[in-house]
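Subject: Structure for you to look at

Hello,

Here is the structure I promised. Please open it and keep it in view while you read my notes below.

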Amino acid sequence: MGIALGVFLLFRFVLYFGYVPSRSMEPTIPAGSIIIGIRLFDRNELKTGDIIIFYHEEKTLIKRIGAKSGDVVYVDGQKMVVPYGAYYVLGDQSECSIDSRHWPEPWLDRHAIIARLVLHFPLIR
């Protein structure tokens, strides 16, 4: 019983375990991959290029940070500054990724982040 409780607490508060069904992060993370993220991290230390797991519109997604607070991005041809406490996120496979480029509000609030990716491995097909 103690081991089961320990495993539950580990995955509830320390690690994130998930599955990537889409190709939006290929070739880095192939569709059908298992991912492990760490929930214990300093959101202020995330940097451009980090891969994060987050909630957006009631879905759990995985994307790469393309820009962070204070960085300049071009959205629909307009120069914009990423607001404080927000990120601009992109999928590695731009043709099929629904990411900040396609959202009505392009910024991801840092509080929506669940975990930072640590490991990923494809399932054997």
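Seven strands form an open sheet, in the order 1-2-9-3-4-7-8. The pairing is antiparallel. Strands (E, at least two residues) and helices (H or I, at least four) are DSSP runs, numbered from the N terminus. Two strands pair if DSSP finds at least two bridges between them. Strand 1 (15-20) and strand 8 (108-109) stand at the edges. Each has a single partner strand, so one side of each is left without a neighbour in the sheet.

A word on the source. This is a predicted model, where local features need pLDDT of at least 70, side-chain atom pairs count only at pLDDT 80 or more, and totals for chains, interfaces and linings use all residues. Residues are numbered from 1 along each chain as its sequence is written, and side-chain values use heavy atoms, with hydrogens and water left out.

Now look at strand 1 again. Six bridges join strand 1 to strand 2 (residues 33-38), and the two run antiparallel. Helix 1 (residues 2-14) lies across both strand 1 and strand 2. Helix 1 runs at about 75° to strand 1. Such angles go from 0 to 180 degrees between N-to-C directions, and axes are lines fitted to C-alpha atoms, for helices over the stretch in contact. Contact means heavy atoms within 4.5 Å.

Next, the charged pairs. Side chains of opposite charge can pair when their charged atoms come close. How many salt bridges does the structure hold? It holds three. The term means a side-chain nitrogen of Lys or Arg within 4 Å of a carboxyl oxygen of Asp or Glu. I also give burial: buried is under 20% relative accessible area, exposed over 50%, partly exposed in between (1.4 Å probe, protein chains only).

- Asp92 and Arg64: their side chains meet at 2.8 Å, N to O. The pair links distant parts of the chain, 28 residues apart. Asp92 is in the loop between strand 7 (86-90) and strand 8, and Arg64 is in strand 4 (residues 59-68). Asp92 is partly exposed at 25%, and so is Arg64 at 24%.
- Lys47 and Asp50: the closest N and O atoms are 3.4 Å apart. Lys47 is partly exposed at 48%, whereas Asp50 is buried at 13%.
- Arg101 and Asp99: the N to O distance is 2.6 Å. Arg101 is partly exposed at 32%, but Asp99 is buried at 0%.

Best wishes
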